[in-house]
Amino acid sequence: MTPQDCFVILAPVPHCHLDALRQHLKQMNYAGRPGVGDPCNPLVPFGTFDDIHFARFVVLVDNTLEDRSYYPGMSDNEPTYLCFMVDCDGSASELLSRVARECPRLRDIFAYCADFTQTSDLAGWMQEHRVRPSTSYANWVGRTVPQVHWEAELHRLLLAALPHCRERDPQRLFAELRACVKPPPNPPAPLPTPLSWRLRQTAHLLTPIIVAAICLLLFPFITLVVAVFGLIIFLIVLRRHEQSDRIISKRPSCANVAELRKGEDYDVTNQYTAI
């Protein structure tokens, strides 16, 4: 099984470069179709990589700065970032190096960032600005890009054959489809699961259990007291926040909503992928 991995590049962008950066990134969309990325775009042709599930550039601007007037002491000036996120099969570090090597026009994009120059080592600069996400999501761990494409083609063949089937009983219909539909050639063969990945997953699962068991065995009374009092304090603090935090009910402007709708739900992703 090939597990999934991801990398996220985050770099500050001066406010004076924002409009030009956004116009530059629009070259990655199909012409006249805002919000629909072209996998063969001239800047970063993601479609040429057979291990990329998802990739996106997004400009991260804090649109809540005006709301911070409700919270004295909070900064009302936050930096703007360019975020480059990729979900892939296998090692994200290896893919990052390959993308930097095979997509030289990444330089044109990162040139809008505050500390990038045309003489910067692209792969090294990306590694320096790589951040580890707190959590990541894989819909089906081990389901590779080639497998997704193979199953999509099988799905297309089954849909085409379905109107010509006579059976209506689910089991007999299944048998009829298997008899009349020939699967696509060259089904992807699963690779061995990396031992390092197995060890990390096992450690992630067992470490909290082992620590809790050791604490209960060596210090049962202290562990129970700490757990009970910790839970009580947590509930008190949570309730205090629920009763004291201000509710910001400011509605977005019609112009802002209209701008968001231009790129919303015309492709397989939307703005929420950047949260």
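1. Which residue in β4 is the bridge partner of Val8? In this predicted model, the partner of Val8 is Val131, and a further bridge links Ile9 to Arg130 of β4. Strand β4 covers residues 130-131, and it runs antiparallel to β1, to which two bridges join it.

2. The sheet as a whole deserves a careful description. Four strands form an open sheet in the order β2-β3-β1-β4, and their pairing is antiparallel. Because β2 and β4 each have a single partner strand, they stand at the edges, and one side of each is left without a neighbour in the sheet. Between β1 and β3 the antiparallel pairing extends over ten bridges, and among the residues involved is Val13, whose bridge partner in β3 is Thr80.

3. Thr80 lies in strand β3 and counts as buried, with a relative accessibility of 2%. Leaving aside residues up to four places away in sequence, Thr80 touches Ala11, Pro12, Val13, His15, Leu18, Val59, Leu60 and Val61, so that its bridge partner Val13 is also among its contacts by the 4.5 Å criterion.

4. The largest nonpolar core holds 34 residues, and those with the most contacts inside it are Phe57, Leu82, Phe84, Leu106, Phe110 and Met126. Two or more residues come from each of β1 (4-13), α1 (18-25), β2, β3, α2 (92-102), α3 (106-110) and α4 (122-128), and α2 gives the most, with five residues.

5. Residues up to four places away in sequence being set aside, Phe84 touches Phe7, Val8, Ile9, Phe46, Arg56, Phe57, Leu106, Phe110 and Met126.

6. Helix α5, residues 145-161, has 17 residues and reaches 25 Å from its first C-alpha to its last, which is close to the 24 Å expected at 1.5 Å a residue. Within α5, the residues Val145, Trp150 and Ala161 are buried. These residues lie on the same side of α5, because they cover an arc of only 165° around the axis. What covers the buried residues of α5 includes β2 (52-60), β3 (80-89) and α6 (170-180).

7. The cysteines call for a separate remark. A disulfide is a covalent bond between the sulfur atoms of two cysteines, and the count of disulfides comes to zero here. For Cys16, the closest cysteine sulfur is that of Cys113, at 12 Å, which is too far for a bond. Cys88 is likewise in no disulfide, the nearest cysteine sulfur being that of Cys6, 7.6 Å away.

Notes:
Residues numbered from 1 in each chain as written. Predicted model: local features only at pLDDT ≥ 70, side-chain atom pairs only at ≥ 80, totals over all residues. Heavy atoms only, no water. Expected span 1.5 Å × (residues − 1). Buried < 20%, exposed > 50% of the residue type's maximum accessible area, 1.4 Å probe, protein only. Arc of directions from axis to C-beta. Core = buried A, V, L, I, M, F, W, Y, C linked by side-chain atoms within 4.5 Å. Disulfide = S-S within 2.5 Å. Pairing = 2+ DSSP bridges.
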